[in-house]
Amino acid sequence: MTIYLKERFGYFLNNRWLVFVAAMWIQICAGIVFLFGSISPVIKISLNYNQKQIARLIVAKDLGYSLGFLAATLCEIFPLWAALLVGAIQNFIGYGGIWLIVTRRTAPLPLWAMCILIFVGTNGETYFNTAALVSCVGNFPKSRGPVVGILKGFAGLGGAILTQIYAVIHSPDHASLIFMIAVAPAMVIIALMFIIRPIGGHRQVRPSDGLSFSFVYSICLLLASYLMGVMLVEDFIDVSQNVIIIFTVILFVILIIPIVIPIYLSFTQEPIVVQEEEALLSQSGDQGPGRSEHGDGQEIISCEAEEEKPKGVDLLPALEKQKRRGPCMGEDFTLVQALIKADFWLMFFSLLFGSGSSLTVIDNLGQMSQSFGYDNTHVFVSMISRWNFLRRIGSGYFSEIIVRDNAYPRHAALAIAQVVMAFGHFFFAMGWPGAMYIGTLLVGLGHGTHWAVVPAAASELFGLKNFGCVYNFLTISTPIGSLVFSGLIASSIYDMEAEKQAQQPHEGRLMASVLTRFLNMDEPLKCEGTICFFLTSLILSGLCIIAAVLSMILVYRTKTLYANLYGRSRM
């Protein structure tokens, strides 16, 4: 009996589902970035910052969350646990330093130093995100859509989960939230970092995978519904501290439930030996896309993007031809090799226009709701967060149906979502009754789709070997889009409309209005009415249409690749 339990415990530790469940928990820590709105008032009051100084911290936060090159490089060179440890240290140093300064335990630092601290702390989350995605996409190469959607969904809900945990502390000192952000992720990472790793010999699709993913999906829906219910109860009813503790205990139970999957599989299934699994994979005809063999065993390279090959390459021998041309789409690319591919830039600009436009709405949701006449702005922030989560989960599943059942490119799902987002922006522009609710729904759903589809598609088009570097370069498009669309277009149009409204009652006092605004930077002009974001929303709607067109061009260019990748699995 003892030998049997030891053997099953060994199976449990080497089960890829254990890695996946641990990655889900780690992704909660990767959602700390969504808590900045909760800690920024504490920083603002404690350090006597104005809104422009807080805006600079926001830029540093967004850059830290998007620049994951170092994280991707470490994940390729060192074991994943080492990269996770570096991320935990960065998170602890960054947010720990902010906590020391905010609580006056150390001397205040200049704004540029605070920007560095928030950058370092937030950048630590890129290590959590990259390690979780790299390990799980590698362990589930035939289920990339559901894996990416679920992991990204947990990152999206991380802020709501950590906020509920913080409610248990019930500290009058709001700076204690910053302390929790600094310490809690380090504890979680240290506890789980040796579990996050690639599992050799466990990548074959098994009959139990479908049921297991369905179980995880049901837990995700339960978790989102529960958090929404708890938020509504705590907002509208004055609940006692004991009730909050009970709510949080139930939350922990829901989060722990998925561990049932690896436990059950470890005691009910026999592991597949590595050699046997490799034989199964080879028998299933799982060759690289774009490759075929003659009867003599000679391999012929047949890349589909022939227009990108160097001139004269057809005159070379087969092996030399492959070296000159580089890898075919679907094989392992380095970042440099991916950067010269048209498909890479189609994906990049589709993400820039699509996700950048939706992030502009998320960043300006408070002002948008106020201009529409709503006082309770946090309702829309909470709504878009939940829709974002549900769409990340659902898009992973939907895109997997497209590629698995139809052998069709995954970006078709993204194109549909971008058209839906275009309608959402159009509703914002028109300002019809209920447009704020409908627009928030449509934009939130579309935004979540990007982060369920793009990571999976990047691993399919450019391989798994350097997936971390390729994916983290693609994510740079989001802050670029937000900077241009929100920092330049939306803010400029808003200020222009606000000045027009300020001039209307006092037409002859333009200089006085400008002088007042110059001298009193903490009280900027406010714009009221749907006109404030009318032009911005129309521009964003047009950008989403452009993004959808780029996605469909990518679909057209990669149809043959997906037919090779997934067509044989349907035979």
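Ala 407 is found in the loop between helix 18 (378-406) and helix 19 (411-430); helices here are DSSP runs of H or I with at least four residues, numbered from the N terminus. This is a predicted model, in which local features need pLDDT of at least 70, side-chain atom pairs count only at pLDDT 80 or more, and totals for chains, interfaces and linings use all residues. Residues are numbered from 1 along each chain as its sequence is written, and side-chain values use heavy atoms, with hydrogens and water left out.

What is the phi of Ala 407? Phi is positive, about 50°, although Ala 407 is not a glycine. Most residues other than glycine have a negative phi. Ala 407 counts as buried because its relative accessibility is 9%; buried means under 20% relative accessible area, exposed over 50%, and partly exposed in between, with a 1.4 Å probe and protein chains only.

Arg 104 also has a positive phi, near 65°, and is a residue other than glycine. Arg 104 sits in the loop between helix 6 and helix 7. Is Arg 104 buried or exposed? At 52% relative accessibility, Arg 104 counts as exposed.

Two packed helices are described by the angle between their axes and the distance between the axes. Helix 6 (residues 80-102) packs with helix 7 at an angle of about 155°, and their axes are 7 Å apart. Axes are lines fitted to C-alpha atoms, for helices over the stretch in contact, and angles run from 0 to 180 degrees between N-to-C directions. Helix 6 and helix 7 are therefore roughly antiparallel to each other; angles over 145 degrees count as roughly antiparallel, under 35 as roughly parallel, 65 to 115 as roughly perpendicular, and the rest as oblique.

Helix 7 (residues 111-139) also packs with helix 5 (residues 69-77), at an angle of about 45° and with the axes 9 Å apart. Helix 5 and helix 7 are therefore oblique to each other. Which residues meet in this packing? Leu 70, Ala 71, Ala 72, Leu 74 and Cys 75 in helix 5 meet Thr 126, Tyr 127, Thr 130 and Ala 131 in helix 7, where contact means heavy atoms within 4.5 Å.

Finally, Glu 331 lies in the loop between helix 14 (318-325) and helix 15 (335-339). At 12% relative accessibility, Glu 331 counts as buried.

Methods. Helix = DSSP H or I, 4+ residues; strand = E, 2+ residues; numbered from the N terminus.
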